[in-house]
Amino acid sequence: MKLFVLNGPNLNRLGKREPEIYGKETLEDIKIRLQLLAENFNASIDFRQSNHEGELIDWIHEAEDSGIAGIVFNPGAYTHTSIALRDAIAAVNVPVIEVHISNIHKREAFRHHSMLAAECVGQICGLGTVGYDLAIRKFLEK
Ligand code: CA2
């Protein structure tokens with residue numbers, strides 16, 4: 001089984017600022033941990049980050065075209081704004097789990113709503129980076 005883990009804007013700065021909100025791990029730390037987890041289940045993870053909405057859309061389309069079994073997606077701030085990403089998720093026959101490191105409901109009002117969640121299998125938020133592991137496990141249990 002092959003899975004995508006996609007990360008949206010500014011998440012390449014993880015571990016470098018705001019550790020009180022996002023923790024101390026870098027995106028590279030998360031990538032290494034998830035790839036080990038997947039290997040234990042004879043699965044593989046293609047882990048990517050982009051600051052560009054269109055590139056994220058292209059990767060969602062690519063997931064369907066290349067037979068990816070599921071996408072774990074932290075869309076960053078595009079979560080709250082992007083009809084285009086919502087349409088991309090709706091346009092492919094690949095299950096998506098939305099993940100947020102922070103609890104978006106405890107933060108500013110503009111973070112409370114996700115444009116994407118209704119097109120996803122589910123949403124995990126506020127559990128720190130372990131939310132990625134839990135989403136991967138959900139796909140691996142199938
Ligand atoms: O909690 C999450 O995972 C978020 O998706 C993170 C986004 C934020 O816009 C969402 O509302 C919730 C922000 C990602 C930026 O990450 C940074 C990490 C460290 C330093 C600067 C930015």
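In which loop does Asn-42 lie?

Modeller: Asn-42 lies in the loop between helix 2 and strand 2. Some ground rules come before the details. This is a predicted model, in which local features need pLDDT of at least 70, side-chain atom pairs count only at pLDDT 80 or more, and totals for chains, interfaces and linings use all residues. Residues are numbered from 1 along each chain as its sequence is written, and side-chain values use heavy atoms, with hydrogens and water left out. Helices (H or I, at least four residues) and strands (E, at least two) are DSSP runs, numbered from the N terminus.

Back to Asn-42. Its phi is positive, about 55 degrees, although the residue is not a glycine. Most residues other than glycine have a negative phi. Asn-42 is also exposed, with a relative accessible area of 73%. The cut-offs are these: buried is under 20% relative accessible area, exposed is over 50%, and partly exposed is in between, with a 1.4 Å probe and protein chains only.

Asn-10 is not a glycine, and its phi is positive, at about 75 degrees. Asn-10 sits in the loop between strand 1 and helix 1. At 54% relative accessibility, Asn-10 counts as exposed. A glycine comes up too: just after helix 3, Gly-67 takes a positive phi of about 75 degrees.

Strand 2 covers residues 44-49. Asp-46 and Arg-48 join their side chains in a salt bridge at 2.9 Å, N to O. That term means a side-chain nitrogen of Lys or Arg within 4 Å of a carboxyl oxygen of Asp or Glu. Arg-48 is buried, at 16% relative accessible area.

Helix 3 is next, residues 53-65. It has 13 residues and reaches 19 Å from its first C-alpha to its last, close to the 18 Å expected at 1.5 Å a residue. The expected span is 1.5 Å times one less than the number of residues. Leu-56, Ile-57, Trp-59, Ile-60 and Ala-63 are buried in helix 3. They cover an arc of only 160 degrees around the axis, so they fall on the same side of helix 3. The arc is that of the directions from the helix axis to the C-beta atoms. What covers these buried residues includes strand 1 (2-7), strand 2, strand 3 (70-74) and helix 4 (83-91).

Take Ile-136, which lies in helix 5. At 0% relative accessibility, Ile-136 counts as buried. Leaving aside its neighbours within four places in sequence, Ile-136 is in contact (heavy atoms within 4.5 Å) with Leu-3, Val-5, Leu-34, Leu-37, Ile-45 and Val-72.

Leu-127, Val-130 and Leu-134 form a nonpolar surface patch, with about 240 Å² of accessible area together. Patches are made of residues with over 30% relative accessible area and no salt bridge; like charges are joined within 9 Å, nonpolar side chains (Val, Leu, Ile, Met, Phe, Trp, Tyr) within 5 Å. Accessible areas come from the Shrake-Rupley method with a 1.4 Å probe, and for residues only the protein chains shown count as cover.

Last, the charged pairs. The structure holds 8 salt bridges. One of them links Glu-141 and Lys-138, with the closest N and O atoms 3.1 Å apart. Glu-141 is exposed, at 59% relative accessible area, whereas Lys-138 is partly exposed at 40%. Salt bridges that share partners also join Glu-25, Arg-33 and Asp-133 into one network. The side chains of Glu-108 and Arg-107 meet in a salt bridge too, at 3.9 Å, N to O. Glu-108 is partly exposed at 35% relative accessibility, while Arg-107 is buried at 19%.
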